[in-house]
Amino acid sequence: MQTCFRRLAAAMLLAVVPVYAAAGYYAWRLPDSYYVQSGTTLSLSTALHITTEPEPEQVKAAFSSTVSTEEQCTLCLFGVVPIKTVSVQSITAPSLVPCGQPFGIKLHMDGVMIVGFGNVESKDGSCCPAEEAGLQKGDMIHQINETSVCSGEEVRNCIRTAAGASLTFHITREGEAKDITVSPVYSTADQQYETGLWVRDSTAGVGTLTFYEPESGAFGGLGHPVCDTDTGACIPISEGEACAVQIQSVLKGSAGSPGMLQGQFLEDADPLGTLLCNNRCGVFGTLNENPAPDAEAIPMAFKQEVVPGEATILCTISGSEPSAYTIEITEIDYNGSDSTQNMVIEVTDPALLETTGGIVQGMSGSPILQNGKLVGAVTHVFVDDPTKGYGIFCENMVRFGQAGS
């Protein structure tokens with residue numbers, strides 16, 4: 001009899017251990033918070049069946065300015081084994097026009113960014129006063145002594161007119177305000193006072209529009225931040241323009257050599273709109289008109305609605321009008337709440353592969369559509385395999401776009 005009980009216990013243990021291992025995997029793999037369409041319940045597309053047991057409470061919505069219902073729900077494997085407690089908030093998913101058109105980006109920085117240093121040749125030898133004082137690449141200069149600065153020329157004027165007197169640079173570094181004193185030296189080569197600073201006050205580039213909201217005129221693009229080419233820092237903006245661009249040619253990508261869409265700003269064209277925000281999930285602003293007036297607005301997909309499988313991207317590889325191309329969503333990271341790398345995508349469309357080799361620079365922001373919804377945007381290419389790259393959830397773009405606008 002004891003032998004039978006031991007066998008039964010061993011059999012039960014063998015059955016239970018995989019279930020709890022699966023519960024542990026999902027506790028690590030699934031996010032802690034979700035949005036769902038008002039009037040619906042949370043439904044997860046997982047290999048094993050997961051149910052929700054709600055524990056409702058009222059809170060203010062993070063996704064909009066209205067009050068909505070947020071529930072604390074327990075996810076249960078097979079409706080029995082608890083996995084974790086998650087936050088589920090009911091909202092109305094926005095209807096967005098998927099774009100895919102190229103656009104030019106002109107940004108004026110909120111301050112002046114330090115992008116490098118150079119030595120100054122003085123009568124006492126070679127030195128770099130700015131670097132020796134503690135200034136660093138990526139620092140944003142907002143004021144020198146009592147004078148606000150927003151251009152490289154204004155920085156140079158402050159240094160020259162000080163005639164060698166020490167200057168207090170009011171800067172921000174990674175969001176923290178600092179004051180650093182710099183003592184310029186007289187350059188024997190240029191015959192003027194210098195600090196050795198290299199600065200930048202604006203930048204420009206080309207990307208792809210992701211979505212347009214007809215009701216508000218708001219748009220999102222890129223799916224990742226505009227960063228300074230020298231420092232890699234996300235550029236804080238004071239103002240910016242979305243400009244008309246035409247794609248002239250394509251530099252085809254190959255393993256180890258990312259390709260590029262080569263576009264030209266249409267200088268005589270009116271601005272498309274205004275840029276208001278540049279953050280980790282893209283650039284956002286307002287457009288003067290709908291860039292795709294013949295396209296229908298479709299619902300934004302919540303992250304749990306995105307599934308591995310076939311999807312479509314809209315992008316422009318010639319001229320200014322987008323076309324649809326097939327891709328495969330091969331991997332999804334549902335936990336990446338503020339990441340630009342929420343999914344791995346692979347280009348499968350023969351026409352796009354033939355022309356571009358896959359994903360190329362300039363395609364960032366190309367909308368990804370699946371099951372009649374806007375699920376995200378292309379963000380990065382795999383350098384070693386340009387047929388593959390990353391995508392961001394549209395939910396993240398909308399959330400960070402609203403937070404920054």
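Visitor: Before anything else, what counts as a helix or a strand here?
Guide: Helices are DSSP runs of H or I with at least four residues, strands are runs of E with at least two, and both are numbered from the N terminus. Please keep in mind that this is a predicted model.

Visitor: Okay, so where does aspartate 139 lie?
Guide: Aspartate 139 is found in the loop that runs between α2 (129–133) and β9.

Visitor: And is aspartate 139 buried or exposed?
Guide: Aspartate 139 counts as buried, because its relative accessibility is 1%, and the cut-off for buried is under 20%.

Visitor: What lies 2.7 Å from a polar atom of its side chain?
Guide: That is the backbone nitrogen of glutamine 136, which lies 2.7 Å from a polar atom of the aspartate 139 side chain.

Visitor: Leaving out residues up to four places away in sequence, which ones does aspartate 139 touch?
Guide: With those neighbours left out, aspartate 139 touches Val112, Met113 and Ile114, and also Ile171, Thr172 and Arg173.

Visitor: Now α3, please. Which of its residues are buried?
Guide: Helix α3 covers residues 152–161, and Gly152, Val155, Cys158 and Ile159 are buried in it. These residues are on the same side of α3, because they cover an arc of only 125 degrees around the axis.

Visitor: What do the buried residues of α3 pack against?
Guide: They pack against several strands, namely β6 (102–117), β9 (140–144), β10 (147–148), β11 (167–173), β14 (192–194) and β15 (197–213).

Visitor: Is asparagine 371 buried or exposed?
Guide: Asparagine 371 is exposed, with a relative accessible area of 65%.

Visitor: Switching to strands: how do β5 and β22 pair?
Guide: Strand β5 (residues 95–98) and strand β22 (residues 298–299) pair in the antiparallel sense over two bridges, with serine 95 standing opposite proline 299 in β22. β5 also pairs with β15, in the antiparallel sense and over two bridges, and there the bridge partner of proline 98 is phenylalanine 211 in β15.

Visitor: What about rings, how many aromatic pairs are there?
Guide: The count comes to four aromatic pairs. One of them joins phenylalanine 103 and phenylalanine 219, and this pair is edge-to-face, with 5.9 Å centre to centre and 80 degrees between the planes. Phenylalanine 103 lies in strand β6 and phenylalanine 219 in strand β16 (residues 218–221), so the pair ties together parts that are 116 residues apart in sequence. Phenylalanine 103 counts as buried at 0% relative accessibility, and phenylalanine 219 counts as buried at 2%.

Another aromatic pair, formed by tyrosine 334 and phenylalanine 393, is stacked, with 6.4 Å centre to centre and 25 degrees between the planes. This pair links distant parts of the chain, 59 residues apart, since tyrosine 334 is in the loop between β24 (323–332) and β25 (343–347) and phenylalanine 393 is in strand β28 (residues 385–393).

Visitor: And which ring does the charged end of lysine 303 sit over?
Guide: The charged end of lysine 303 sits over the ring of tyrosine 34, at 5.6 Å from its centre.

Visitor: Last one: where does threonine 41 lie?
Guide: Threonine 41 is in the loop between β1 (33–37) and β2 (50–60), and it counts as exposed at 68% relative accessibility. Although threonine 41 and valine 88 are 47 residues apart in sequence, they are 8.6 Å apart in space, C-alpha to C-alpha.

Conventions: Residues numbered from 1 in each chain as written. Predicted model: local features only at pLDDT ≥ 70, side-chain atom pairs only at ≥ 80, totals over all residues. Heavy atoms only, no water. Buried < 20%, exposed > 50% of the residue type's maximum accessible area, 1.4 Å probe, protein only. Arc of directions from axis to C-beta. Contact = heavy atoms within 4.5 Å. Polar contact = N/O pair within 3.5 Å; in protein donor to acceptor, adjacent residues only side chain to side chain. Pairing = 2+ DSSP bridges. Phe/Tyr/Trp six-rings, centres within 6.5 Å; stacked < 30°, edge-to-face > 60°. Lys NZ or Arg CZ within 6 Å of the ring centre and 35° of its normal.
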